[in-house]
Amino acid sequence: MKKLLFIILISIGTQNLVIAQDFKEGYVQEDLDMKKYDKDTAAHAVFLNEFGNSRIDVTGDDHIRLIYDYHAKIKIFDNKGFANGTIEIPVHNGDEVAEEVTDITGTTYYKDDNGFVQKMDLDPKKVFKVKDYKYGSTIKFALPGLRNGCVIEFRYKLTSPYWDSFRRWEFQGEVPKVYSQYEVHIPGFWTFNASLRGGLKLSKTSSELERECFTSHGSKSDCSHIVYAMKDIPAFVEEDYMTSPKNFLSAIYFELVEWTNPYTSVKTVVSKEWKDIDRQLKIADEFGSQLKRKDLMKERTASVIAGKTDELDKAKAIYAYLQKWYKWNDYIGIYSSDGIKKAMDAHTGSIGDINLTLVTALNAAGISTEAVVLSTRDHGMVNTLYPVLSDFNYVIAKANIAGKTYLLDATDPLLSFGLLPLKCLNDKGRVISLDKPSYWIELNSLQKTSNISSLDLTLLDNGKIKGTISNFYTGYDAYLKRKAIKKFNSVDEYVEDLDGKLPKLKILKSDISNLDSLNQPLGEVFEVEIDAFDNMNHNHLVFNPFLWEKRTSNPFKLAERDYPVDWGMASDTRLVLNMHLPAQYTIETPPQVVAFSMPNNGGMFATSFDSQGDAFTFSNITRFTKAIYNPEEYPYLKELYNKIILTEKTDMVFKKK
């Protein structure tokens, strides 16, 4: 899914003539007449042209800045495409400097009721700046006069003091693009690596050397002028069970390798090795220094582990203690901002505060534990080739007990020992130890989840079905079920809500076990009564054994998918039904007996049916053996779900003899 173009911009040896420029402004009659986009007839809008230009240069105030120009023209076919007429430009605000957006213009071209071409220009007073948080704002504006068939065009300039974060370019987006082109101009004082990510190939790339394009206070430099372009770019369609879209969107990214100060000639090497990241974290006051505070945590947890001799028992006690002690303040990050002592005293802290406390406390108890820095699923995958600390936004604990690894996150009071939240199951994490080099650990293959539903039911003479439904949840399914129950003020409220969601089923009595015993399977037992009468024919009784959690829609709808299906963990779901029939009823339509499996033992769905006298047993199993399925396996997953849905919607029918 990732292709790397190692381009050292300071030393391009060839000089290819670059014919590259912004596209012509204004409407084209053919664009207004366009009724649909032939390469995606379902598209509600399409980028007709998109152009970007970034350069490092000296601005009028004599500061070195990154200057980014953007220009786009979009055809809007119908009102579902109107969202493309609202433009949002994120800007970063520092303590002393900030990005600035200027030269905003916009025009809407359309045909009036008489077929004449009209245009409406953006009113500068309708451009707004919204502050999102301390260091981030958004420039917002909406193109005027949107209507079906219109063409919008807009441009702006963004000037940034953060030239070290060179502007990436996303060729692919939510709507298709006819053509997209990006130019970069980088003086020889700066060296970047450029990487092309995603599954699409460039339609064009070219480069030339611009002589003395950068001049400031007597310092001069040639520039690398590079053009990247793509045409006929399909829309990127998000689907369930995926990590951050930016992992798969076709885009050009830039990473600073080194730079030379134009005025002092001092060279700074920015690109690091993992040993540099190790050292940076180990000496950081808000990371490594906190991991050394074992004396503090030894004193705090002495009573928690008093009388315990087994390491696993100690670890579970400390983990449960910190889960109850802390309340997460909704801040993520790998650092302890104010130190674990202040966080402990306040009973609240960030991800870094809580889990660095956990690492330190476990080590203080003599349990070998390391910190693991990772990137959450919505933050994107870590670039394992280039060590960049900002790639990481989360930290957990890795406890090593009796030859077994336990990954721990104490920020959620409902997570059982050794269970991570789904957001953390994202490729790899980097293990950071105070006394040895860092290394990678796989995150997706470490957990499994399962649930079993057992139904023991009896069909009565009056056409009602009575009996018990028992559900047992382990792993992540148990966590999700506990979260669902805890949303209510009481278990009774949860049961009442559940009863209202299940048609033809009445819950007579309920029992929830191990709700607060996180290391035990969660159990639910319900005494139920089910109305099985067929409204069309009272001599028939209709019953669906998948009444509890029937799957009715396929989450996989794309013709093909260019990115993996990422569940985060393997899963196993089972149902067992034992049913007793009265003498006057017989089975007219039994449940389907099927067996579907994916290649290479990747997954399966199977049912079985066994009838003996006045009773029968029906069972089914759905199993996905892998956490991640590659795009080549997508058709098999899609087909397996089609089989599941078709099977589960088929009712059993009981008939009077």
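H347 is found in the loop between α6 and β18 (348-349), where helices (H or I, at least four residues) and strands (E, at least two) are DSSP runs numbered from the N terminus. The phi angle of H347 is near 60°, a positive value in a residue other than glycine. At 35% relative accessibility, H347 counts as partly exposed, a class that lies between buried, under 20% relative accessible area, and exposed, over 50% (1.4 Å probe, protein chains only). A positive phi in a residue other than glycine is also found at D103, where the angle is near 55°, and D103 lies in strand β5 (residues 100-111).

The model is a predicted one, in which local features need pLDDT of at least 70 and side-chain atom pairs count only at pLDDT 80 or more, while totals for chains, interfaces and linings use all residues. Residues are numbered from 1 along each chain as its sequence is written, and side-chain values use heavy atoms, with hydrogens and water left out.

Taken as a whole, the protein has 10 helices and 36 strands, and its C-alpha trace spans about 100 × 80 × 50 Å along the principal axes. Of its 657 residues, 50% are buried. Among contacts (heavy atoms within 4.5 Å) between residues at least 6 apart in sequence, 72% join residues at least 24 apart.

T159 gives a local view of such contacts. This residue lies in strand β9 (residues 151-160) and is buried, with a relative accessible area of 17%. Leaving aside its neighbours within four places in sequence, T159 is in contact with T59, R65, L66, I67, A98, E99 and E100. T159 and Y68 are 91 residues apart in sequence, yet 6.3 Å apart in space from C-alpha to C-alpha.

Helix α4 (residues 294-301) shows how burial can be arranged around a helix, since its buried residues L296, M297 and T301 fall within an arc of 110° when seen down the axis, so that they line one face of the helix. The arc is that of the directions from the helix axis to the C-beta atoms. In general, an α-helix has 3.6 residues a turn, so residues three or four places apart point the same way. On the other side of α4, D295, K298 and E299 are exposed, whereas the cover over its buried residues includes α5 (311-325), α6 (340-346) and α7 (351-364).

In helix α8, the buried residues are Y476, D477, A478, Y479, K481, R482 and I485. What covers them includes β24, β25 (464-475), α9 (491-501), β26 (505-513) and β27 (522-531).

The structure holds one disulfide, a term that here means a pair of cysteine sulfur atoms within 2.5 Å. The bond joins C213 to C223, with an S to S distance of 1.5 Å, and with 80° about the S-S bond the link is right-handed. The pair links distant parts of the chain, with C213 in strand β13 (residues 204-216) and C223 in strand β14 (residues 219-233), 10 residues apart. C213 counts as partly exposed because its relative accessibility is 26%, whereas C223, at 2%, counts as buried.

Where is space left between the atoms? Rolling a probe the size of a water molecule over the atoms shows where empty space is left. On a 1 Å grid over the protein atoms alone, a cavity is a set of points where a 1.4 Å probe fits but cannot get out, and a pocket is an open set with protein on both sides within 12 Å along at least five of seven lines; lining residues have an atom within 4 Å of a point. Grid points are joined across faces, edges and corners, and a volume is the space filled by probe spheres set on the points.

The second largest pocket has a volume of about 960 Å³ and is lined by 32 residues, of which N451, D477, E549, R551 and T573 lie nearest its centre. The elements that give two or more residues to this lining are β24 (448-459), α8 (476-486), β30 (570-580), β34 (615-624) and α10 (634-648).

The structure also holds one cavity of 30 Å³ or more. About 40 Å³ of space lies in the largest cavity, which is lined by P545, F546, P591, Q592, F618, T647 and T650.
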